[in-house]
Amino acid sequence: MHGTNPTQAPSMRTLSGLDGLFLHLETPETPMHVASLSVLELPKGYRGDFFEDVRRLYVRRLPMAPVLSRVLREMPLQFANPVWVQADEIDWGYHLRRVVLPKPGTQAQLEACVAQLHAVPLDRKHPLWTVTLIEGLPQRRVAYYFNIHHAVLDGQASVELAKLTFDLTPKPRRLARTQAVAAVGTSGEHPWPGALVAGALRHDAEQYAKFAQLLPEITRTIATVRRAASAHASGESAAQGHMFAPRTPLNVAIGAARSFAGVSIPLAEVHHVATVHQATVNDVVLATCAGALRRYLGRHGGVPDRALLAAIPISLREGPATEFTTQATMARVSLATDIADPVRRLHAIRDSTSEAKASMGRMKSILPTDFPTLGLPWLLHGLATLYGQSRIANFVPPLFNLVVSNFRGPPVPLYLAGARMLRYWPMSIVAHGLAANITVESYAGSLEFGVITASNAVRRPRQLSDGLVAAHAQLMNRSRR
């Protein structure tokens with residue numbers, strides 16, 4: 001759970017241990033924000049200033065989403081996680097920007113523009129989000145890039161936040177305060193250093209107490225997992241049988257520059273493939289990514305003999321996101337890239353994800369999203385900086401080859417300030433040793449794939465996104481037989 005202490009003033013909210021990690025591991029080469037790129041269609045005959053319309057919408061709705069007006073207050077000497085407080089004021093000139101693409105405003109120009117935006121870390125003096133409106137596209141279209149720090153929320157919580165920003169009809173609705181998550185506190189808060197230190201000590205004391213209470217359950221769960229592992233010892237999956245993933249051109253130290261490509265695949269076709277092969281949509285997504293990676297690596301260094309391993313986020317939430325915070329963990333699954341046949345590969349992935357979900361289900365109740373943080377900020381940030389500068393990622397074997405995330409989004413079209421959203425491509429984080437990230441979200445009958453890469457490792461992510469389309473076509477063709 002989030003690190004809120006009931007004895008603290010309601011205006012002061014300590015970051016959870018997991019949220020804090022995204023702050024402490026951030027460096028200039030590895031910004032830790034997530035984002036989305038939407039392509040919107042303006043109404044016919046529109047003659048207004050869409051940027052000003054979006055600005056007015058945000059000004060009206062900010063009170064409904066206090067998560068967008070909270071700012072960090074650092075601990076003295078950064079000896080523990082900072083706290084959230086409400087900002088003195090919102091600098092709209094920082095948070096809302098506009099960019100005009102040069103003619104002709106192509107998809108390639110849009111993707112290059114967004115890649116540059118995604119490479120810039122957020123300024124911690126402000127609430128950790130920005131919006132950039134990108135004009136200059138043809139056919140009454142405008143793009144909307146929104147980014148927010150992963151310390152603020154996870155992928156599932158971002159879906160909930162979108163419900164406060166977007167509408168189901170062209171006419172923006174009026175939001176009641178009951179639709180908003182409770183505010184953190186009043187604006188203009190400046191807790192004195194003694195209160196920050198006392199709050200950090202209380203937070204860590206609570207976490208140690210929770211750990212002591214969970215210890216019997218942790219012991220029982222670990223014993224159960226060990227028994228299950230022994231039962232599967234004779235037929236281990238690729239993800240279980242190897243501690244490390246095979247090395248590929250994706251698993252290197254990265255620079256600050258980013259590249260991006262977005263692609264959309266009909267959701268009905270993905271459902272058809274899943275039904276034919278008794279798989280889930282997520283299994284088909286992973287199989288599609290595996291096919292794209294085989295195609296890409298076949299042209300860049302060769303496909304490894306061992307299967308690539310993907311890290312997939314798994315939500316630890318019991319229900320809808322009622323708190324804007326990170327409540328997720330990672331599981332490793334085999335992408336079965338050592339199997340050439342796309343159907344056999346899908347079946348192997350289906351089995352691998354089933355095992356991963358079973359293991360994670362057993363562990364879910366004891367996996368922490370909060371933990372003691374005294375001494376961690378300066379230590380972790382120092383280690384992250386040293387890890388990047390030393391280029392160690394070029395030599396150590398990777399635990400996994402890339403991150404693939406898949407979220408369920410809205411099934412119907414959404415609108416922003418009267419403009420209809422045509423496309424919604426999510427974007428996430430790359431890091432040293434993980435130069436590619438594929439994030440997927442369903443939207444209005446499509447699966448929207450956002451491919452973000454470090455430019456020094458993958459300069460043309462369009463090769464990966466084209467591979468996604470080709471891999472999906474392969475699965476569809478085989479599923480019609």
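1. The crossing of α8 and α12 is left-handed, meaning that the near helix is turned anticlockwise from the far one by less than a right angle. This is a predicted model, in which local features need pLDDT of at least 70 and side-chain atom pairs count only at pLDDT 80 or more, while totals for chains, interfaces and linings use all residues. Residues are numbered from 1 along each chain as its sequence is written, and side-chain values use heavy atoms, with hydrogens and water left out.

2. Helix α8 (residues 267-276) packs against helix α12 (residues 462-479) at an angle of about 50°, the axes being 10 Å apart. On α8 the contact (heavy atoms within 4.5 Å) is made by E269, V270, H272, V273 and V276, and on α12 by H472, L475, M476 and S479.

3. T453, found in strand β15 (residues 446-454), counts as buried because its relative accessibility is 0% (buried means under 20% relative accessible area, with a 1.4 Å probe and protein chains only). The T453 side chain reaches the backbone oxygen of V458 at 2.9 Å, and, residues up to four places away in sequence not being counted, T453 touches partners including A257, R258, S259 and L464.

4. G433 lies in the loop between β13 (419-427) and β14 (436-443) and, at 10% relative accessibility, also counts as buried. Its C-alpha atom is separated by 9.4 Å from that of P249, 184 residues apart along the chain.

Terms used
Axes fitted to C-alpha atoms, helices over the stretch in contact; angles between N-to-C directions. Helix = DSSP H or I, 4+ residues; strand = E, 2+ residues; numbered from the N terminus. Buried < 20%, exposed > 50% of the residue type's maximum accessible area, 1.4 Å probe, protein only. Polar contact = N/O pair within 3.5 Å; in protein donor to acceptor, adjacent residues only side chain to side chain.
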